[in-house]
Amino acid sequence: MSIRHGLLALLERGPRYGSQLRTEFESRTGSTWPLNVGQVYTTLNRLERDGMVAQGGEDTAGHTLYTITDSGRAELRTWFEKPVDRTSPARDELAIKLAMAVGAPSVDIRDVIQSQRRHTVKAMQDYTRLKAQALIAVESGGARERDDVAWLLVLEQLIFQTEAEARWLDHCESRLIRLSTTAAEVGAAPGAAAPPTRKAPGSADGPGAADGPGTVARSGADAVRTGTAPTETAPPSARGR
């Protein structure tokens, strides 16, 4: 998340002071990514150092106002025009957790998957409920319609994300079950040859080489078994209306 560009976008609408920027940022995004005032002022100081904002006097209450500069507008235009880079994806804790759970002793990866699925499904339900509220707010045409539209777009992105995550979790469980079944069949076949191993770069051939697919299945996926339907757990953090 680019806090600096979010603040520049708000400053393009006119001078703002720190806590005002924080409030408007959270209103626009539905507090999905909450900020504290310290983050805002630290970012403003860096933007001022880089010549993208400047202090522009004070308001009637004595708050220091910040304004966007021409350099800041150019930076903002570049941000809007440039696609978000996906070649170096952010670390995903769930993907890392499942990767580490494969082969981990005393860990039933099926339990990890099903626990996450229950949470993901509940999150999807909560986001869908909030979307319905946001649609009502947008259609009413209130004074905060711009913020409501922005919040609606954020909510829909969260819904798409959770839907994709639920499908991926289903895929992971199916994949591991298939690998476990295949490994069991290979091991039970009379006179079956050992599964091939994959040699690590620069290493010698032999039993010490990197494990191949068959070994991966035995090391963690044999713990996978079919389970019960998911149940709901506590809701995720999201803005209520």
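**Questions on helix packing**

Colleague: Is the crossing of α2 and α3 left-handed or right-handed?
Modeller: A crossing is left-handed if the near helix is turned anticlockwise from the far one by less than a right angle, and right-handed if clockwise. Under this convention, the crossing of α2 and α3 is right-handed.

Colleague: What kind of model is this?
Modeller: Residues are numbered from 1 along each chain as its sequence is written, and side-chain values use heavy atoms, leaving out hydrogens and water. Local features need pLDDT of at least 70, side-chain atom pairs count only at pLDDT 80 or more, and totals for chains, interfaces and linings use all residues; the model is predicted.

Colleague: How many helices and strands does the chain have?
Modeller: Helices (H or I, at least four residues) and strands (E, at least two) are DSSP runs, numbered from the N terminus. Along the sequence they follow the pattern α-α-α-β-β-α-α-α-α-α. The total is eight helices and two strands.

Colleague: At what angle do the axes of α2 and α3 cross?
Modeller: Two packed helices are described by the angle between their axes and the distance between the axes. Axes are lines fitted to C-alpha atoms, for helices over the stretch in contact, and angles run from 0 to 180 degrees between N-to-C directions. Helices α2 and α3 are roughly perpendicular (65 to 115 degrees; under 35 is roughly parallel, over 145 roughly antiparallel, and the rest oblique). The axes of α2 (residues 18-29) and α3 (residues 37-49) come within 9 Å and cross at roughly 115°.

Colleague: Which residues of α3 meet α2?
Modeller: Contact means heavy atoms within 4.5 Å. From α2, the residues are G18, S19, L21 and R22, and they meet V37, V40, Y41 and L44 in α3.

Colleague: How many residues of each class are in the contact of α2 with α3?
Modeller: Ala, Val, Leu, Ile, Met, Phe, Trp, Tyr, Cys and Pro count as nonpolar, Asp, Glu, Lys and Arg as charged, and the others, Gly among them, as polar. The contact of α2 with α3 therefore divides by class into five nonpolar, two polar and one charged.

Colleague: How far apart are the axes of α1 and α3?
Modeller: Helix α1 is roughly perpendicular to α3. The angle between α1 (residues 3-11) and α3 is about 80°, and their axes are apart by 10 Å.

Colleague: Which residues of α3 make the contact with α1?
Modeller: By class, the contact of α1 with α3 has seven nonpolar, two polar and one charged residues. From α1 come I3, R4, L7, L8 and L11, and from α3 come Q39, V40, T43, L44 and L47.

Colleague: At what angle do the axes of α5 and α6 cross?
Modeller: The crossing of α5 and α6 is left-handed. Helix α5 is roughly antiparallel to α6. Their axes come within 9 Å and cross at roughly 160°.

Colleague: Is S106 buried or exposed?
Modeller: S106 lies in the loop between α5 (93-101) and α6 (109-140). Its phi is near 65°, a positive value in a residue other than glycine. Buried means under 20% relative accessible area, exposed over 50%, and partly exposed in between (1.4 Å probe, protein chains only). With a relative accessible area of 83%, S106 is therefore exposed.

Colleague: What separates the C-alpha atoms of W33 and I3?
Modeller: W33 is placed in the loop between α2 and α3, and at 34% relative accessibility it counts as partly exposed. W33 and I3 are 30 residues apart along the chain, and their C-alpha atoms are separated by 9.6 Å.
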